[in-house]
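Hello,

Here is the structure I said I would pass on. Please open it alongside this message; my notes follow below.

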Amino acid sequence: MSLDSVTQSVDEAVSGFFDPIATWLGEVVFYAVPVGGTDLPLIVAWLVVAGLVFTGWFGFVQLRKFKLALDVVRGKYDEKGSAGEVNHFQALTAAVSGTVGLGNIAGVAVAVSIGGPGATFWMILCGLLGMATKFVEVTLGVKYREVHADGTVSGGPMHYLPKGLADRFGKNGKSLGKVLAVLASFMVLFFGLFGGNLFQVNQSYAQLVSVTGGEDGALGSSAGALFFGILIAALVGVVLLGGIRSIANVTSRLVPAMAGLYIAACLVVILVNVTAVPDAIVTIIEGAFNPEGVAGGVLGALIIGFKRAAFSNEAGLGSAPIAHSAVRTKHPASEGLVALLEPFIDTVVICTMTALTIVIANPASWNEARAGEDIGGVTITSDAFETVLPWFPYVLTVAVLLFAVSTVLTWGYYGLKAWTHLFGRSRASELTYKVVYTVFAVAGSLLTLQTLIDMADAVLFMLAVINIIGLYLLAPVVKRELNSFLEFVRARKAGEDTGNDEDQEPARTTV
């Protein structure tokens with residue numbers, strides 16, 4: 001029996017077993033209500049409302065403290081002797097690597113096809129709101145993290161939900177928090193294996209095959225798929241063995257490189273068509289408030305934009321605090337401020353660049369998709385770049401590979417923290433997880449397992465429900481932490497003014 005037939009049999013068996021479960025779960029988690037001629041998934045409304053609430057609660061912290069966040073990333077307010085494993089810049093890039101991926105390339109193309117150019121405007125707005133949610137959850141992640149005897153750190157919703165609720169509500173809060181922590185760990189682990197690992201490898205392999213001759217090319221065979229899977233698994237396994245410090249060392253170089261490469265390509269298309277930029281901006285704004293051919297009109301464009309942004313930056317899902325919790329700091333809110341830059345980079349910058357490039361280039365495939373043709377998002381984005389850069393599919397392949405590898409690495413760490421919360425931190429337990437995770441990476445190049453990937457999406461967004469409830473209940477804690485850090489900043493500035501900077505570390509932006 002050939003490898004192809006074996007993998008096909010596995011795919012069919014898994015789909016046959018899990019299809020009913022995945023369908024039911026998807027219908028529950030992504031339940032949508034009709035609004036103005038289109039459907040609004042309630043989970044998207046849940047995430048957007050959280051962004052609105054926290055934006056108001058913290059007085060537009062994402063705008064007022066944006067410069068301070070940049071100063072913290074640069075290391076201006078670092079303190080000697082702080083617990084943690086990585087600096088602010090490394091923590092940020094590790095978390096960004098988990099959110100920046102195919103959604104920024106393919107997902108945005110689908111959004112501006114279904115919701116029209118105006119979806120871009122609402123996508124930006126949702127990204128700005130998500131910055132406040134990210135600030136809250138990451139501050140809690142650092143506040144209630146666990147620093148182990150060996151200096152390593154564990155954090156995330158599986159820690160701040162039980163500890164935070166116990167702090168605020170005593171014994172009953174502690175009991176509820178423990179249950180929520182187990183559920184959160186399971187959800188993070190499940191998505192990590194299927195969405196953060198298997199799906200990323202599968203899609204990057206598909207893109208690589210498409211530019212190397214398709215199924216008749218060098219990598220089109222099952223042997224080629226196996227080779228690719230083993231190669232990715234080996235790379236991921238080596239880095240994963242080194243823990244968050246190793247992952248952060250890779251992502252702190254990989255994320256700026258991949259983002260820079262992609263943004264540079266976007267700028268080339270935009271600059272070549274620079275005379276079309278004003279019209280494109282007008283088209284986006286008009287499309288936001290007076291869209292044509294979009295189901296549901298303005299609400300339709302708004303919902304599509306919000307949906308893409310919410311799915312892209314993961315604000316409120318509870319995943320990013322796991323990476324940010326490893327930061328070296330004595331002030332939890334300092335990393336919360338750093339984290340609010342994450343949706344800005346992911347959604348406001350990278351997603352917007354993709355959308356603007358497509359609108360300006362106006363490829364034929366985009367117009368066909370808007371007319372109802374079933375065209376893949378990656379194809380639309382690739383065609384947009386190809387109008388100026390005929391060789392861009394190769395650059396896109398490199399970008400997809402970089403995005404995929406960085407996402408697999410970060411979700412490998414997220415999954416590890418979930419695994420150890422469920423099964424303990426022994427060396428045998430951690431090694432078992434790392435072996436399982438690398439095997440899933442190999443399977444990603446051979447299997448589609450679309451049913452389980454769909455389930456993984458639903459499971460991750462289930463986490464957003466319990467996570468955001470926790471954020472609401474613990475928001476007063478975040479406000480105290482923010483005030484504490486702002487007092488420290490004022491004292492530090494006063495010390496600088498008087499020349500008293502003995503306790504300061506020199507500012508740094510590199511690792």
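Predicted model: local features only at pLDDT ≥ 70, side-chain atom pairs only at ≥ 80, totals over all residues.

From its first C-alpha to its last, α18 reaches 45 Å over 32 residues, close to the 46 Å expected at 1.5 Å a residue. Of those 32 residues, 24 are buried, so α18 is largely enclosed by the rest of the structure.

The crossing of the two is left-handed. On the α10 side the contact is made by I244, I247, V250, T251, L254, M258, L261, Y262 and A265. On the α18 side the residues include F392, L396, L402, F403 and Y413. Sorted by type, the residues of this contact are 17 nonpolar, three polar and no charged.

A second pair is helix α9 (residues 222–241) and helix α19 (residues 427–446). How far apart are their axes, and at what angle do the helices pack? The axes are 7 Å apart and the angle is about 150 degrees. α9 and α19 are therefore roughly antiparallel to each other. Their crossing is right-handed. Among the residues that meet are S222, F228, G229 and L241 in α9, and Y433, K434, Y437 and L446 in α19. The contact of α9 with α19 divides into 13 nonpolar residues, five polar and one charged.

Helix α14 runs over residues 332–339, and eight of its eight residues are buried, so α14 is largely enclosed by the rest of the structure. The buried residues of α14 include P332, E335, G336 and A339.

Last, a single residue. I468 lies in helix α20, residues 450–497. Is I468 buried or exposed? Its relative accessible area is 0%, so I468 is buried; the cut-off for buried is under 20%. Leaving aside residues up to four places away in sequence, I468 touches W46, L47, A50 and G316. L431 is 37 residues from I468 along the chain, and the C-alpha atoms of the two are separated by 32 Å.

Regards

Notes
Residues numbered from 1 in each chain as written. Heavy atoms only, no water. Left-handed = near helix turned anticlockwise from the far one by under 90°. Helix = DSSP H or I, 4+ residues; strand = E, 2+ residues; numbered from the N terminus. Contact = heavy atoms within 4.5 Å. Nonpolar A, V, L, I, M, F, W, Y, C, P; charged D, E, K, R; others polar. Expected span 1.5 Å × (residues − 1). Buried < 20%, exposed > 50% of the residue type's maximum accessible area, 1.4 Å probe, protein only. Axes fitted to C-alpha atoms, helices over the stretch in contact; angles between N-to-C directions. Parallel < 35°, antiparallel > 145°, perpendicular 65-115°, else oblique.
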